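Work through the exercises below with the sequence and the coordinates at hand, and try each task before reading its solution.

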Amino acid sequence: MTLVVRRLLTVAPTVLVVATVTFVALQVIPGDVAELMLGMEGQTDDIARLRKEFGLDRPLLVRYLDWLGHLVRGNLGTSVTYREPVMHLIIARLPVTFSVAFGAMFVAVALALPLGIVAARRAWSPIDLAVLAGSQLGLAVPTFWMGILLLLGFAAALPIFPLQGYVAFTRDPLQWIRHLALPALALGLERAAALARLVRASVLDELSRDYVRTARSKGLAGPYVLRRHVLLNALVPVLTVAGLQLGFLLGGTIVLEQVFGLPGLGRLLLQGIYSRDLAVVQGAVITVAVIFALLNLAVDLLYAVVDPRITYD
Amino acid sequence: MAALAVLAPLLAPYEPTAIDPAGRLSPPGDAHPMGTDRLGRDLFSRVLYGGRVALAVGTVAVSIGAGAGVPLGLLSGFRGGRLDAVLMRLVDGLMAFPALLLAITVVAALGPGHVQVMTAIGVVLIPIFARLARAQTLATRAQEFVLAAHAAGAKELRIVLRHILPNVAGPLIVQATVAFSGAVLTEASLSYLGLGTQPPIPSWGGMLQEARDVLFVARWMAIWPGVAIVTAVLGLNLLGDGLRDLLDPRLGRQ
C-alpha cells in the first residue's frame with residue numbers, strides 16, 4: 001500500500017510540470033491573451049476591459065502563482081462560451097472519453113495478444129507473415145481515416161451503427177455499445193497493430209531462452225511450457241511499451257471524438273480552441289495530461305505486480 | 001527484409017516526382033480520375049499537391065526536432081552532471097504530454113496553419129531525438145577510442161564531432177525516418193481537425209475532413225487522400241526498417 005501511495009506522490013511534480021508547460025504555452029507564447037480571445041474584431045476598450053477582468057494586466061509571475069493556487073483547489077476557471085465552470089464541463093465529458101479509450105484498449109488487447117502469440121509460435125509461417133503485414137498496414141493507417149472508412153462501411157452503406165453521438169451506459173447499455181463500437185474498433189485496430197508486433201517480438205524472445213529449452217528437454221509438453229513460463233515473462237516488456245502506447249491511445253481518442261461526434265474531453269478541447277475559450281483549452285489540456293500521467297502510473301504498478309523480480313525502493 | 005529495403009526507396013520518393021503541373025484548382029470539365037470535390041476542384045491534383053505539403057511538413061518538422069534535439073542530447077550525454085540533469089528535466093516536461101496533445105497545444109498557442117504545424121511537430125520531436133542522442137552518446141563515450149582521443153589532447157568539440165557523432169548517426173537516421181512518417185500522420189490529423197494546413201492549400205487530412213461532411217453523397221472523396229497517407233507512411237516505415245537492417249550489422253549489434 002505504501003508503494004502505491006508513494007508512487008501516487010510522484011505524479012504531483014508531473015502535474016506541476018504539466019501545468020507550467022500549459023501555462024507557458026497558452027498564456028505566455030501567444031502574447032496578448034485578451035486580444036487572442038476577442039480576435040481581430042476586438043475593440044481596444046473591450047480588450048483593455050477583458051484584460052482587467054481576467055487580471056491579465058498583472059505581472060506574469062503573479063498570474064502564474066495565482067493560477068496554480070486555483071488549480072490546487074480544483075478551480076479551472078469559467079468558460080466564456082458555455083458560461084459554466086470548466087470543471088463541470090470536464091467532469092461531464094470524462095465518461096465518454098474513458099469509454100472510448102478503454103473500449104479501444106480492450107479491442108486492441110483482445111486482438112493483439114492472441115495474434116501476437118500465435119504469430120510467435122509459428123514464426124515465419126503464412127499466419128505470421130499475415131500478422132506482420134497486417135500490422136504494418138495498421139500502423140500506416142491514420143486513425144481518423146479508419147473511423148471514416150468504418151462509417152462508410154457500417155453506418156452509411158449498411159446502417160448497422162449510428163453515424164454519430166453518444167448514449168450513456170447508465171441510460172441504455174445496448175445503445176452505449178452501439179455508439180462506441182465503431183470508434184473503439186477504429187482505434188483498437190490501430191493500437192492492436194502496434195501491440196501485436198510487440199507481443200510477437202517479446203514471445204519470440206522468451207521462446208529462445210535457455211529455460212524454455214530446459215523445460216522442453218525435460219519432456220514437458222509445448223502448451224504447458226508456453227502458458228506457465230513464457231507468457232508471464234513475455235508480458236513484462238509488453239507492459240513497458242504498452243505504457244508508451246497510452247499516449248497514442250489518448251491522442252487517437254481526441255481525434256475520433258471529432259470524427260464520431262462524441263461529446264468527450266477531446267471534443268471539448270477542440271471546441272475550446274475553435275472558439276478561443278482559454279479556460280476550456282487550459283483545463284482540457286491539463287486534464288488529459290494528468291490522465292496520461294495516472295495511466296502511466298497504473299502501468300508502472302501493474303509492472304511491479306506482474307514481475308516479482310522488480311522491487312521499488 | 002533486404003527486398004523491402006530495396007523496394008522502399010521506390011515507394012518513398014513517389015510523391016515529389018508525380019506532381020502534375022497543370023493540375024491546379026480546376027473547375028469540373030474534363031475527365032477527373034478521382035472525381036471532384038464540393039467546389040469542383042479536381043481531387044487527383046489536390047492529392048498530388050497534398051503530397052508536397054506532407055513532404056514539406058515532414059522535412060521541416062524532423063529538421064527542427066533533430067536539429068534541436070540531437071545537439072541537446074549530445075551535449076547532455078557528453079557533459080553529464082548538472083547540465084544533463086537540467087536538460088533532461090526539460091525533456092521530461094515535454095514528454096509528460098501525449099504527442100498529439102502537445103502538438104495541439106502548440107498549435108493552439110501559435111494559431112492554425114502549416115508553418116505552425118511544422119513547428120508544433122518539431123517541438124514534439126525534440127525530446128525524442130534528445131533522449132536517443134543522449135543514450136547513444138552515453139554508450140559511446142566510455143569506449144576506448146574516445147578515451148584515447150581525449151588522452152591525445154583532442155578538444156571536446158572535436159571529439160564529439162569526429163568520434164561520437166558518426167557512431168550514433170545510425171540509430172538517429174532510422175529514428176528520422178520513423179519521425180518523418182509520424183510527422184506525416186500527425187499533420188494529417190491536425191489538418192483533419194482544422195488546425196493544420198488551411199484551405200485552399202490542399203492537404204490530405206484537410207481533404208478527408210471535407211469528405212466527412214459529405215460522406216453520404218460523395219463517397220469517393222474519402223478514399224484517395226487516405227490511400228495517399230497510408231502509402232506514404234507505409235513507404236517511410238519500410239524504408240526505416242530497411243535502413244535499420246542495413247545499419248545494424250555495420251554497427252556490430254546483436
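The predictor's confidence in each residue is pLDDT, which runs from 0 to 100, while helices (H or I, at least four residues) and strands (E, at least two) are DSSP runs numbered from the N terminus. This is a predicted model, in which local features need pLDDT of at least 70, side-chain atom pairs count only at pLDDT 80 or more, and totals for chains, interfaces and linings use all residues. Residues are numbered from 1 along each chain as its sequence is written, and chains are lettered from A and ligands numbered from 1 in the order in which they are written.

**Exercise 1.** Find which elements of chain B have the lowest and the highest mean pLDDT.

*Solution.* Start from the chain, where the mean pLDDT is 75 and 75% of the residues of chain B reach 70 or more. Where pLDDT is low, the predicted coordinates should not be read in detail.

**Exercise 2.** Describe how α5(B) packs against helix α6 (residues 114-141) of chain B.

*Solution.* Take the angle and the distance: the helices α5(B) and α6(B) pack at about 140°, with their axes 9 Å apart. Axes are lines fitted to C-alpha atoms, for helices over the stretch in contact, and angles run from 0 to 180 degrees between N-to-C directions. Therefore α5(B) is oblique to α6(B), since angles under 35 degrees count as roughly parallel, over 145 as roughly antiparallel, 65 to 115 as roughly perpendicular and the rest as oblique.
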